[in-house]
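Student: Please take me through one part of this model closely, with the cut-offs behind each term, and keep the account connected from one residue to the next.

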Amino acid sequence: MASLAFWVLFHVSVGALIALDLGAGLRRRGPMGAREGLAWLALWLLAGALVGSVVASLSGPGGALLYFSSYAVEYMLSVDNLLVFAAIFQALGTPRELRPLALYAGIMGAVLMRASFIYGGLLLLEAFWWALPALGLLLTYTGWALWRGEGGRDRAGGILGWLRARLPLAQGSTGSRLLVRQEGRIRATPLLLAILALEATDFIFALDSVPAVLVLTEDLLIAYTSNVMAVVGLRSIYSLVELALLRLPDLNRLLGLVLIFLGLSTIAEGLGLPISVYLLAAATLAALLLGLALALLRSRRGRSLAR
């Protein structure tokens with residue numbers, strides 16, 4: 001059981017890293033280069049590993065396995081989601097210098113949403129016997145949709161259309177402001193529209209990703225810290241997506257298979273078939289790491305051939 005001191009130190013440390021990352025992004029006059037993007041990615045991965053080591057000291061080796069498997073699932077789902085975020089920025093013409101601000105506003109909302117979903121999900125699992133098999137069915141459907149390549153971009157396009165139809169939008173350059181007065185009316189700026197679209201899209205993504213973590217662990221410490229550490233480093237990953245250094249064409253199918261596996265295992269457990277959660281976590285982590293290595297190798301080979 002984590003102490004109050006741990007939770008305070010955890011949130012203060014994460015907040016300090018976010019402030020440092022955001023400050024660097026806002027001070028930068030041009031787009032982030034590949035070397036800087038990789039450096040920030042390494043820093044956030046190191047921070048995630050450090051939190052995992054603390055979880056190991058509090059919950060033992062089994063807790064560390066559950067943390068890193070949950071972290072890997074959420075991290076890879078987040079990488080896939082960033083391709084949708086890039087499409088939103090492109091559709092809205094969001095200036096590159098404002099994208100770090102929009103991303104971090106979205107990330108803060110994502111952390112709050114995931115905290116609420118995790119806590120609410122744990123309450124449901126404790127209160128209702130049918131919540132576990134229902135979670136398995138949801139994961140199986142989500143995995144099937146990912147395998148078929150459904151969802152992301154279409155849903156984002158629908159959200160953008162809905163927001164545009166209901167918000168009075170400002171015309172012309174509005175900089176970093178969220179609201180402006182034009183023609184006697186308060187109007188939303190493109191930056192505010194981008195932030196709202198990111199939040200709404202991430203709400204849908206959280207409905208997909210949080211159940212995967214709750215299937216692996218019902219420990220609030222592990223579920224929450226793994227989700228937060230996977231989400232807060234998204235800004236650095238996004239820079240690599242923009243630079244086309246992180247193109248993983250098979251990621252949807254890999255994640256789809258993993259979620260289907262988790263979903264069917266959860267349904268089986270709900271029907272009374274005993275399944276070791278540690279075996280489930282180890283198999284999930286191994287599949288994700290192997291699949292990621294193969295996808296990176298294929299992506300690198302594709303770029304070499306393109307030259």
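Tutor: Tryptophan 129 lies in the loop that runs between α3 (99–127) and α4 (131–147), where helices are DSSP runs of H or I with at least four residues, numbered from the N terminus. The model is a predicted one, in which local features need pLDDT of at least 70 and side-chain atom pairs count only at pLDDT 80 or more, while totals for chains, interfaces and linings use all residues. Residues are numbered from 1 along each chain as its sequence is written, and side-chain values use heavy atoms, with hydrogens and water left out.

With a relative accessibility of 71%, tryptophan 129 counts as exposed, given that exposed means over 50% relative accessible area, buried under 20%, and partly exposed in between (1.4 Å probe, protein chains only). Together with Leu124, Phe128 and Trp130, Trp129 makes a nonpolar surface patch of about 500 Å². Such a patch takes residues with over 30% relative accessible area and no salt bridge, and joins nonpolar side chains (Val, Leu, Ile, Met, Phe, Trp, Tyr) within 5 Å, whereas like charges are joined within 9 Å; the areas themselves come from the Shrake-Rupley method.

Two salt bridges are found in a search of the whole structure, a salt bridge being a side-chain nitrogen of Lys or Arg within 4 Å of a carboxyl oxygen of Asp or Glu.

In one of them, arginine 114 meets the side chain of glutamate 74 at 3.0 Å, N to O. Glutamate 74 counts as buried, since its relative accessibility is 0%.

Arginine 114 also forms a salt bridge with aspartate 202, and the closest N and O atoms are 2.6 Å apart. That pair links distant parts of the chain, with arginine 114 in helix α3 and aspartate 202 in helix α6 (residues 190–216), 88 residues apart. Aspartate 202, at 4% relative accessibility, counts as buried too.

Taken together, Glu74, Arg114 and Asp202 are linked in a network of salt bridges.

Note on methods. Accessible areas come from the Shrake-Rupley method with a 1.4 Å probe; for residues, only the protein chains shown count as cover. Helices (H or I, at least four residues) and strands (E, at least two) are DSSP runs, numbered from the N terminus.
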